Amino acid sequence: MRRLPWFSLAILAIFVLVAILAPWIAPHDPLEGDLMRQHLPPAWLDGGEAAFPLGTDEQGRDILSNILYGLRVSLSVGFLAVLISVAIGVPLGLFAGYSRRFGELVMRLVDVQLSIPTFLIALVVLALWGSGLLKLILVIGVVGWAEYARLVRGAVLSERAREYVLAAEALGMGSRRVMFRHLLPNVLSVVLVQVSVDVPRVILLEATLSFLGVGVSIETPSIGLMVKRGMDYLFSGVWWTTALPGLALMGLVLTTNLIGDWLRDAFDPRRRHIRR
Amino acid sequence: MRYFVVRFLQMLFAVWGVATLVFLALQLSGDPMELLAPEDMTEAQVEALRRAYGLDQPLAVQYAIYMKNLARGDLGISWTSGEPALALLASRFPATLALVTVALAIAIVLGLPAGILAAVRADSWIDRGLRFFSVLGISAPTFWLGIMFILIFSVTLGWLPSAGAGSWKNYILPGFTLSFYRIALFLRMIRSTMLDVLSQDYIRTARAKGLAERIVVYKHALRNALIPFVTLVGLQFGHLMAGAVVTEWIFAWPGMNRLALNALFTEDRPVILAFVILTAVIFAVVNFIVDVFYGLIDPRVRYA
């Protein structure tokens with residue numbers, strides 16, 4: 001095994017911890033504004049106040065507190081939506097790999113699903129059905145099933161020809177038992193690698209949808225929404241309401257991507273010769 | 001030959017599936033009369049309007065008419081402008097195509113050589129630097145990147161325009177915003193396939209023959225690494241044509257993605273529908289071309 005990416009794991013742990021503890025460590029209520037202190041610059045600049053380390057937005061709300069709560073939304077959407085995709089896609093892929101006719105049907109559905117970008121489906125569905133945190137998680141989660149079904153089916157097809165599966169079948173095991181007891185553990189590495197690719201992708205997707213105004217509702221603190229609101233004040237020299245939240249988001253996505261890269265190298269046997 | 005026919009039928013099936021799904025999704029989003037009919041319309045007038053749009057027919061009939069029109073390339077009339085939805089999108093198509101072409105060109109020109117360099121100098125400090133940049137590139141939110149570009153190059157330095165299209169200067173910021181992620185993606189992909197190829201036996205043979213390293217890398221290795229690269233570029237083209245929504249919006253680019261976003265906000269269903277179906281067609285055609293290309297250069301694919 002290659003050395004664990006300790007640094008990235010530690011940073012991710014800090015992100016998760018900060019997101020969970022946001023209600024206790026955030027210096028202010030993220031939604032509470034005060035028009036008397038709108039657009040305060042970060043504390044290290046002239047006119048900044050120590051009580052608002054990263055400044056305030058156009059309604060006087062604390063940027064730091066909003067980032068902390070926003071990361072909470074990013075992480076919950078990232079993990080919950082991917083969980084839904086896995087819960088739908090993996091069983092479908094398992095059955096599709098086992099039954100030829102069902103497999104063909106699933107693969108045609110996968111073709112349909114993959115012939116429009118996830119982003120576009122989520123955008124259209126959320127714009128027409130209305131937005132909100134739960135709908136967002138549900139839509140992104142459901143739309144993501146196809147990649148898992150395809151990968152798991154492929155893995156099952158190649159595993160099925162192996163001897164241990166033949167042996168299990170020869171011993172008279174039912175196909176369901178073979179599937180869940182013997183095949184599933186062996187295709188899990190494929191799923192894990194895909195999850196590590198999907199989590200950062202979904203986090204960015206949530207931020208983008210919220211930025212376009214079809215993601216979370218406006219009372220929810222969200223990085224995408226903060227940047228959207230900050231965009232109106234770019235030309236009046238207010239940079240901290242857009243730059244800082246985006247930087248925090250990029251940090252989170254960067255960390256998950258680094259861990260994902262490590263997982264892929266560790267689990268993909270074809271890449272084994274690449275690392276030294 | 002059979003392979004191409006099967007791929008073609010699969011492509012048609014995918015487009016049909018998308019069209020059906022969109023039709024169903026739109027049914028679920030409520031009565032369109034609430035949007036179309038002005039508040040002060042009488043009941044009879046609303047019914048007349050409903051008939052005019054064919055919305056009084058049973059769902060199955062509406063679906064049949066919709067499919068028939070679709071097959072003829074008629075995607076309905078925009079509810080806001082009264083023009084045919086497809087013509088509306090077509091008038092904005094060139095602007096999007098131009099932007100996407102520029103973005104892909106930037107991504108290839110920067111990503112490809114950087115990827116080769118990283119692979120040839122694997123584990124050197126150049127490779128480490130490029131690899132870090134590439135993870136950064138796929139982690140930066142596009143909408144944020146675009147805004148940062150405006151903040152730096154338009155607001156602070158005043159070098160480049162932040163909105164509109166017209167001069168070549170207008171292409172620079174949206175072009176780089178769109179290509180940033182792709183530069184990183186291409187770099188990563190070329191690096192890993194080049195490393196894969198460079199460890200193959202025939203490369204060892206070529207080196208053992210005493211061929212110059214330049215020839216080994218560019219003639220033997222790069223050629224093989226380019227096959228999956230062309231596929232990736234093709235797929236990214238499809239993604240960009242329908243994925244430039246954010247960039248076109250931030251930079252007020254007069255392309256079809258911004259048109260579609262406006263249609264979403266005004267619930268102009270025929271335009272939304274036309275955009276989704278057009279995207280599916282672009283995707284399907286790109287996929288088909290990529291598959292055919294693959295099948296032509298690599299006979300193994302045809303029998304898989």
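Student: Which helix of chain B holds both R204(B) and D201(B)?
Tutor: Both sit in helix α9 of chain B, residues 201-208, three residues apart, about one turn of the helix. Helices here are DSSP runs of H or I with at least four residues, strands are runs of E with at least two, and both are numbered from the N terminus.

Student: And how close do their N and O atoms come?
Tutor: R204(B) and D201(B) form a salt bridge, with the closest N and O atoms 2.8 Å apart. The term covers a side-chain nitrogen of Lys or Arg within 4 Å of a carboxyl oxygen of Asp or Glu.

Student: Is R204(B) buried or exposed?
Tutor: R204(B) counts as exposed because its relative accessibility is 57%. The classes are buried under 20% relative accessible area, exposed over 50%, and partly exposed in between, using a 1.4 Å probe and protein chains only.

Student: Before we go on, what should I know about the model and the numbering?
Tutor: This is a predicted model, where local features need pLDDT of at least 70 and side-chain atom pairs count only at pLDDT 80 or more, while totals for chains, interfaces and linings use all residues. Residues are numbered from 1 along each chain as its sequence is written, chains are lettered from A and ligands numbered from 1 in the order in which they are written, and side-chain values use heavy atoms, with hydrogens and water left out.

Student: Thanks! How many salt bridges does the structure hold over all chains?
Tutor: The count over all chains is 14. One of them joins the side chains of R229(A) and E58(A), at 3.5 Å from N to O.

Student: Where do R229(A) and E58(A) lie in chain A?
Tutor: R229(A) is in helix α10 (residues 223-230), and E58(A) is in the loop between α2 and α3 (63-98). The pair links distant parts of the chain, 171 residues apart. E58(A) is buried, since its relative accessible area is 10%.

Student: Which residues make up the salt-bridge network with R229(A) and E58(A)?
Tutor: D57(A) and R61(A) are linked with R229(A) and E58(A) in that network.

Student: What does R201(A) pair with?
Tutor: R201(A) forms a salt bridge with D198(A), and their closest N and O atoms are 3.0 Å apart. The two are separated by about one helical turn because they are three residues apart in helix α9 (residues 175-211) of chain A. D198(A) is buried at 3% relative accessible area, whereas R201(A) is partly exposed at 34%.

Student: Changing topic: how many helices and strands does chain A have?
Tutor: Chain A has eleven helices and zero strands. Its C-alpha atoms fill a box of roughly 75 × 45 × 30 Å along the principal axes. Of its 276 residues, 52% count as buried.

Student: Which residues form the nonpolar patch on the surface?
Tutor: V16(A), L17(A), I20(A), L21(A), W24(A) and I25(A) form it, with about 600 Å² of accessible area together. Patches take residues with over 30% relative accessible area and no salt bridge, joining like charges within 9 Å and nonpolar side chains (Val, Leu, Ile, Met, Phe, Trp, Tyr) within 5 Å. The largest share, three residues, comes from α1(A). I25(A) is found in helix α2 of chain A and is partly exposed, at 43% relative accessible area.

Student: What about S8(A), buried or exposed?
Tutor: S8(A) counts as buried because its relative accessibility is 9%. S8(A) lies in helix α1 of chain A. Leaving aside neighbours within four places in sequence, S8(A) is in contact (heavy atoms within 4.5 Å) with T255(A), L258(A) and I259(A).

Student: Which residues touch the most other members of the largest nonpolar core?
Tutor: Out of 152 residues, these are I67(A), L123(A), L209(A), F143(B) and M194(B). A nonpolar core is a set of buried Ala, Val, Leu, Ile, Met, Phe, Trp, Tyr and Cys residues joined through side-chain atoms within 4.5 Å. This core draws at least three residues from each of domain 1 (2-71) and domain 2 (86-297) of chain B, with domain bounds from an automatic or database domain assignment.

Student: What does F143(B) contact?
Tutor: Beyond four places in sequence, its contacts include F211(A), L249(A), V246(B) and I250(B).

Technical notes: Accessible areas come from the Shrake-Rupley method with a 1.4 Å probe; for residues, only the protein chains shown count as cover.
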